[in-house]
Amino acid sequence: MTLSDELIASLVRPDSVHKRVYTDPHIFELEMERIYGQAWIYVGHESQVKQTGDYHTTRIGNQDVIMVRASDGNIHVVYNRCPHKGAKVVPDGDGTAGKFFRCPYHAWTFKLDGTHLSAPLRNGLHNTCFDPKHPDFSMRKVARVAHYRGFVFASQSHDGPDLATFLNGVASSIDNLCDRSPVGEVEVAGGVFRVQQRSNWKVFYENLHDTMHAPVTHESSASSARAQADQIGSMPFELLILEGNGEPYEFWEKLELRAYENGHGYMEGIFDPSAATRDPVAAEHFASLSQVHGETRAREIMGMNRHNTVIYGSGSPHTVFQQFRVIRPLSVDRTLVEIQLFRLKGAPESVFERALVYANAINSPSSNVMPDDVEVYARCQQGNQTNGGDWISMHRYAGTDREVENGMVSTNGTSELPMRNQFAAWKRFMVGQAGSGKGIE
Ligand code: FES
Ligand SMILES: [Fe+2]
């Protein structure tokens with residue numbers, strides 16, 4: 001089925017979007033090609049492949065890829081496909097290939113950058129067109145690989161902006177996540193959570209800055225936390241973070257939403273920066289940073305008051321609670337979210353323990369919060385399959401967004417600017433002009 005650029009462009013209006021973008025499998029296929037075939041996508045953190053031969057598998061859109069550490073220390077990203085009969089060379093997950101890849105089917109071997117090494121009983125291949133130097137007999141590399149402070153991204157396109165240009169204003173979220181470590185480095189630790197959602201991938205990105213949903217969707221978990229705190233006469237951290245979603249609308253209205261080219265953005269203002277002086281874990285963290293950088297810089301680092309960041313196509317790093325929610329589209333109505341946690345190297349262990357508590361209480365499949373969201377995402381998917389209407393509204397505070405350096409800022413924290421910005425980028429990717437324009441149209 002051919003979908004014309006004109007038809008695709010007609011699905012996105014400045015303040016609304018046609019439901020077909022969430023439900024049409026042909027559009028999903030085109031997204032795999034035009035968004036995931038072009039954009040820089042986070043494939044993993046270098047700490048996941050510490051030693052030569054260590055690998056981590058993931059997906060760029062609908063493509064299975066392997067991130068692997070070679071003997072020269074370089075990290076390569078190759079498609080998980082053997083050029084003989086096409087078998088996946090390594091199973092999904094993390095592991096060690098050793099000095100080279102060896103296909104489990106007929107034992108063709110490849111260097112850790114994918115280059116052909118050998119095939120058993122080579123005599124049988126003599127006097128044929130088989131040429132071990134020809135790229136058809138090697139594992140293929142993904143077109144471009146780049147790192148940003150240990151975070152490895154890959155792009156399936158040889159063309160397009162470099163990684164730092166692509167990330168634009170949200171590179172500062174990765175900076176702040178790393179800067180929170182006294183030595184400026186983080187590592188993946190503590191395992192990962194995986195949640196499969198019965199909804200289109202874009203719904204999750206939209207929700208990340210959807211402040212209007214918090215007190216409604218999470219009403220039960222927030223009110224239960226409040227009731228529990230009343231009963232015990234105090235509000236420990238575990239309950240505080242559950243209760244936070246129940247803040248009144250006035251709280252959310254004061255937040256600031258930033259939107260950048262390519263669909264990226266972040267939310268500022270949710271945490272109380274003065275907590276560093278009152279909270280014992282934050283105080284310990286502050287002391288460890290002050291020791292290295294002095295109090296002024298430590299205050300600057302911990303004062304960056306940022307909640308969910310959106311790196312469109314990759315997922316959502318969280319600076320304060322050291323996580324990266326990696327978002328992987330599986331099909332038009334299935335999405336896999338993998339939550340990676342990070343340890344701040346050199347910071348007190350209590351900081352990592354707190355991040356674990358946060359992830360368990362808010363993001364894990366057994367938390368009281370994530371299931372609220374997953375349920376409404378599935379309801380959006382189901383509702384949009386009915387004949388009950390065609391358009392999705394993104395009208396809130398439309399037309400009021402202000403331009404700032406390299407991007408846009410909301411005039412109210414309940415603005416649907418982030419969604420409008422994501423779909424403006426979506427449209428540019430899908431009709432072939434990504435990376436050439438500004439945020440909102
Ligand atoms: S499929 Fe890999 S060696 Fe045959
Ligand atoms: Fe939520």
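Trainee: What span should helix α12 have, and what are its end C-alpha atoms apart in this predicted model?
Mentor: Let's work it out: α12 covers residues 280-293, which is 14 residues. At 1.5 Å a residue, the helix should span 20 Å. Its end C-alpha atoms agree with that, being apart by 20 Å.

Trainee: Which residue caps the N-terminal end of α12?
Mentor: Look for a side-chain oxygen by the backbone nitrogen of V281. One lies 3.3 Å from that nitrogen, and V281 itself is among the buried residues of α12. The oxygen belongs to D279.

Trainee: Now the open sheet: which strands stand at its edges?
Mentor: The sheet has 5 strands, paired antiparallel, in the order β16-β15-β14-β22-β21. An edge strand has a single partner, so one side of it is left without a neighbour in the sheet.

Trainee: How many bridges join β21 and β22?
Mentor: These strands pair in the antiparallel sense, with β22 covering residues 407-409. Within the pair, V404 stands opposite G407. The count of bridges is 3.

Trainee: Which helix lies across β14, β16 and β22?
Mentor: Look at residues 417-430. The helix there runs at about 5° to β14, which is residues 256-260. That's α16.

Trainee: How far apart are the end C-alpha atoms of residues 41-154?
Mentor: An unreviewed UniProt entry annotates this span as "domain: Rieske". The span is 0% helix and 38% strand. Its end C-alpha atoms lie apart by 5 Å.

Definitions and conventions: Residues numbered from 1 in each chain as written. Chains lettered and ligands numbered in written order. Predicted model: local features only at pLDDT ≥ 70, side-chain atom pairs only at ≥ 80, totals over all residues. Heavy atoms only, no water. Pairing = 2+ DSSP bridges. Helix = DSSP H or I, 4+ residues; strand = E, 2+ residues; numbered from the N terminus. Contact = heavy atoms within 4.5 Å. Axes fitted to C-alpha atoms, helices over the stretch in contact; angles between N-to-C directions. UniProt positions renumbered as here; feature names shortened; annotations may be inferred. Expected span 1.5 Å × (residues − 1). Buried < 20%, exposed > 50% of the residue type's maximum accessible area, 1.4 Å probe, protein only. Polar contact = N/O pair within 3.5 Å; in protein donor to acceptor, adjacent residues only side chain to side chain.
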